[in-house]
Amino acid sequence: MKTVTLRNGVTVPALGMGTWNVGDSAARHTDEVESLRKGLEAGLRVIDTAEMYGNGRSEKLVGEAIADVRDDVYLVSKVVPSNASYDGVHKACRRSLKHLDTDWLDLYLLHWRGGTPLEETIRAFEDLKDDGLIRGWGVSNFDVDDMEEIENLSGNCLVNQVLYNLEHRGTEFDLLEHDLKSETVTMAYSPLGQGGELLDHLALKEVASRHETSLGPADTAQIALAWVLRRPNIMAIPKAGSPKHVAGNIASLEISLTDEDLKTLDSAFPPPKRKVSLAMI
């Protein structure tokens, strides 16, 4: 299992599980809980959720899935900017802890930047850490200038969670390298893109045809995920929607992309040649 090490010395798997839209459907509830359980059993200790996902429904489902294995999970949740004031962060964190039925978060992120001064949000994070309610904090959807501001205020930011996949490579121009040099781990959300457009691309099909996994011939999702995970200092949190998808995600760790593969993908999805606005969804 590939790993990354956070600046606080904690080492976690580079492949985790995301839960955006998880918990929204009663019909999928059993599959979604089972998916998280299967992932945990396979060593995918990182589970990412957020207070805004289904207005707490995702957190509640995650809490159900990890109830008897909490100590084995690296649990991440996020606070929305409208709750990022000092008092708002404290209230939001306690609400998330209640939804998750746990006493602490391993990592608490500011979901994106809003109008609250960063120093106020950071002060709340640090106090939550002192109180034992969180063990570390970070940010999401922050570009280089935002990260520089964070770093001028504190040296304790562990993670920057950003959109990163073959369709959205703008972060490669400067942000990924900046975070690497500053020892801030990049957590890639939506590493498989959205919908089927990316995974139906002929370039991905071509590269997939060259690889095998323990599950059989590689598929395009496994290639897309292996591509994200090829870089150092990167975690990826694809959605854990079904046990089959989780198994496929795990099999992506068996794939080592060749120079020929990377050239094929670069031709279809060119890397950035200039600074572009940070993409987010």
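## Pockets in this model

A pocket here is an open set of grid points with protein on both sides within 12 Å along at least five of seven lines, and its lining residues have an atom within 4 Å of a point. The model is predicted.

## Second largest pocket

By that definition, the second largest pocket is lined by K2, A226, L229, R230, S252, L253, I255, S256, L257 and L262. Its volume is about 150 Å³. Six of the lining residues are nonpolar, two are polar and two are charged.

## Largest pocket

The largest pocket holds about 880 Å³ of space. Its lining counts 35 residues. Nearest the centre of the largest pocket lie S190, L192, G193, P238 and K239.

Two elements give two or more residues to this lining: α8 (220-229) and α9 (243-251). The largest share, four residues, comes from α9. By residue class, the lining of the largest pocket has 18 polar, 13 nonpolar and four charged members.

## Packing of α2 and α3

Two packed helices are described by the angle between their axes and the distance between the axes. Helix α2 spans residues 57-65, and helix α3 spans residues 86-100. They pack at an angle of about 45°, and their axes are 7 Å apart. That angle makes α2 oblique to α3.

Which residues make the contact? From α2 come E59, K60, V62 and G63. From α3 come S96, H99 and L100. The residues of this contact divide into three polar, two nonpolar and two charged.

Conventions. Residues are numbered from 1 along each chain as its sequence is written. This is a predicted model: local features need pLDDT of at least 70, side-chain atom pairs count only at pLDDT 80 or more; totals for chains, interfaces and linings use all residues. Side-chain values use heavy atoms; hydrogens and water are left out. On a 1 Å grid over the protein atoms alone, a cavity is a set of points where a 1.4 Å probe fits but cannot get out, and a pocket is an open set with protein on both sides within 12 Å along at least five of seven lines; lining residues have an atom within 4 Å of a point. Grid points are joined across faces, edges and corners, and a volume is the space filled by probe spheres set on the points. Ala, Val, Leu, Ile, Met, Phe, Trp, Tyr, Cys and Pro count as nonpolar, Asp, Glu, Lys and Arg as charged, and the others, Gly among them, as polar. Axes are lines fitted to C-alpha atoms, for helices over the stretch in contact, and angles run from 0 to 180 degrees between N-to-C directions. Angles under 35 degrees count as roughly parallel, over 145 as roughly antiparallel, 65 to 115 as roughly perpendicular and the rest as oblique. Contact means heavy atoms within 4.5 Å.
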